[in-house]
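Dear colleague,

I am passing on the structure below, and I would be grateful if you could look through it alongside my notes.

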Amino acid sequence: MIRRLFSRLGKGDPKEGSPVHHRGFNIPRHLAWRTGTLANFTAVSDNHIEALTRFGGLADAVDVVEIGCGVGRDAIALLSHLPNDGTYLGIDIMPDSIAWAQKNIAATDKRFAFVHFNVADKQHNPSGTEAMDAYSVPREDGTVDLIFLFSVFTHMFPGDLARYMGEFARILRPGGRVLASMFVIHEGLPAHLEKIGGGGARNLTFQHEVEPGFFHNDPAKVPGATGYSLQRLEEEAAKAGLKVEAFARGQWSLSGGHEVPGQDILTFSLA
Ligand SMILES: C[S@@+](CC[C@H](N)C(=O)[O-])C[C@H]1O[C@@H](n2cnc3c(N)ncnc32)[C@H](O)[C@@H]1O
């Protein structure tokens, strides 16, 4: 149906056509499309690297893990940031994105590795067989300086988020950090978003607080976009042995005074 709509508009299917050029790599369009908007594919990655530098301690990070790495958009940017003795592990649930990243990034740079996590997910991996609540990030305890997730907690339910938080507390080195971009919902924000016709690229309003501090943009669309209050995130972090370290408001919510473009940015460290 989307294809028919685009061809009626005379634009063709956005997933088909020439590869997306990104920092010297040619990424198959259908894989890049699943990672993010094609029009600003590299610019968004520039914003990610800036956030990792400003809030995540990227300059001093040696061992890095990315959850929800997609086709490796940010891994490609990190090729020129990671020290020679550094390691990067990218994890995603989309098998063909991981296969492309293994063949095109990891095969030419031994610091980089990608693994497929075969969890079932209606949108990204419908035939998955692994359970999120039994998942272990394949890294030893206390060995990672920086863990990051861009636009991944934005689709996640509390149980899955809690599992990842527990894993982060296990694998972080003392002094290490977790950086996540997500939608943080403060008091009065849903009413504000409703009034202005929605924030972000998808007119998000987060009218549904389905449990305390956990919001769903549209419960009819699962997973769809999810949001959390700062208090709920602090509680989830504390349960895992982490604490919220920094919070930077993103431009998405159009609520004024934003510090970063796109989604809100949070960092966590060991409690
Ligand atoms: C919106 S995309 C963002 C991709 C990438 N972080 C970027 O910004 O370029 C969300 C990604 O999270 C992945 N994902 C969803 N659930 C996940 C999970 N439980 N564990 C790891 N990755 C997940 C999806 O497959 C998808 O690649």
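Of the contacts in the protein chain with a separation of 6 or more, 61% are between residues 24 or more positions apart, where two residues are in contact if their C-beta atoms, placed from the backbone, lie within 7 Å. Please bear in mind that this is a predicted model, in which local features need pLDDT of at least 70 and side-chain atom pairs count only at pLDDT 80 or more, while totals for chains, interfaces and linings use all residues. Residues are numbered from 1 along each chain as its sequence is written.

The protein chain has 8 helices and 12 strands, these being DSSP runs numbered from the N terminus (helices are H or I, at least four residues; strands are E, at least two). Its radius of gyration is 18 Å, close to the 18 Å that the globule rule gives for 271 residues, so the chain is as compact as a globular protein of that length; the radius is taken over C-alpha atoms, and the rule is 2.2 Å times the number of residues to the power 0.38. Buried residues make up 38% of the 271 residues, a residue being buried if 20 or more other C-beta atoms lie within 10 Å of its own, exposed if 12 or fewer, and partly exposed in between.

Helix 8 (residues 230-240) has Leu-233, Glu-236, Ala-237 and Ala-240 as buried residues. Seen down the axis of helix 8, these buried residues fall within an arc of 100 degrees, so they line one face of the helix; the arc is that of the directions from the helix axis to the C-beta atoms. What covers them includes helix 6 (158-171), strand 10 (226-228), strand 11 (242-248) and strand 12 (264-270). Directly after helix 8 comes Gly-241, with a positive phi near 95 degrees.

Helix 6 packs against helix 8 at an angle of about 45 degrees, with the axes 8 Å apart. In this pairing, Glu-236, Ala-237, Lys-239 and Ala-240 of helix 8 meet residues of helix 6 that include Leu-161, Met-165 and Phe-168.

Two loop residues may also interest you. Ser-151, in the loop between strand 6 (144-149) and helix 6, has a positive phi of about 60 degrees although it is not a glycine, and Ser-151 is partly exposed, with 19 other C-beta atoms within 10 Å. Leu-254, in the loop between strand 11 and strand 12, is a residue other than glycine whose phi is likewise positive, near 50 degrees.

Technical notes:
Axes fitted to C-alpha atoms, helices over the stretch in contact; angles between N-to-C directions.
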